[in-house]
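Visitor: I would like to learn how to read strand pairing and helix packing in a model like this one. Could you walk me through it?

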Amino acid sequence: MENGQVSLIDFFAPSSFIGEMELIDEHAAPLNVQAIEDCWCLALPFIELKDTLLTDPVLLKNLLSYIAHKNMKNIRTSTRNQSYPLSKRLASFILVTEQNGKYEEKHTQVAQYLGVSYRHLLFVIADFVQKGYLAKENNSYNILNMDELKKLANI
């Protein structure tokens, strides 16, 4: 962002489009995308083929579907961030980002993504440790009680 901060907006999964807005909208600011595996990056290598790509009905149909689903996901996330307590949102976030039973995300970025203060995030994480959901290990947390996190996240 203009102030030098990095903001986590979404998570990319395999077969995601990256740069679809820049491809379609000539006024969209180009993305600063680091290497992302298994994603279809449309803005960077294919920009020379823009006219050809935008006349392909199969690609346009897939892009439209992808953008519609992405928009609905963003609406659900925004609504959830406004409506649910941090403990529920954090449990869900931990379950989405965990790898092999470990949670290793940077607290500053998580707080920013969830729209809470760093201090509030640390308070809820400490509560999860006290309840036995997580255990601190160096710079990460081991997930001790996946079932309770799923129950809290309504999964």
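This is a predicted model: local features need pLDDT of at least 70, side-chain atom pairs count only at pLDDT 80 or more; totals for chains, interfaces and linings use all residues.

Visitor: Which residue of E5 is the bridge partner of leucine 134?

Guide: Isoleucine 143 is the partner of leucine 134. E4 and E5 form a hairpin with 2 residues between them, and asparagine 138 in the turn has a positive phi of about 55°.

Visitor: With which side chains does the side chain of asparagine 142 make a polar contact?

Guide: A polar contact is a pair of N or O atoms within 3.5 Å; within protein, one must be able to donate a hydrogen and the other to accept it, and residues adjacent in sequence count only if both atoms are side-chain atoms. Asparagine 142, found in strand E5 (residues 140-143), makes such contacts through its side chain with the side chains of lysine 102 (2.7 Å) and glutamate 137 (2.7 Å).

Visitor: Now the helices. How are two packed helices described?

Guide: By the angle between their axes and the distance between the axes. Axes are lines fitted to C-alpha atoms, for helices over the stretch in contact, and angles run from 0 to 180 degrees between N-to-C directions. Here, H5 (residues 107-114) and H6 (residues 118-130) pack at about 105°, with axes 9 Å apart. H5 and H6 are therefore roughly perpendicular; angles under 35 degrees count as roughly parallel, over 145 as roughly antiparallel, 65 to 115 as roughly perpendicular and the rest as oblique.

Visitor: At roughly what angle do the axes of H4 and H7 cross?

Guide: The axes of H4 (residues 86-97) and H7 (residues 146-153) cross at roughly 125° and come within 8 Å. H4 and H7 are therefore oblique to each other. Contact means heavy atoms within 4.5 Å, and the residues that meet include Ala91 and Leu95 in H4 and Leu149 and Ala153 in H7.

Definitions and conventions:
Residues are numbered from 1 along each chain as its sequence is written. Side-chain values use heavy atoms; hydrogens and water are left out. Helices (H or I, at least four residues) and strands (E, at least two) are DSSP runs, numbered from the N terminus. Two strands pair if DSSP finds at least two bridges between them.
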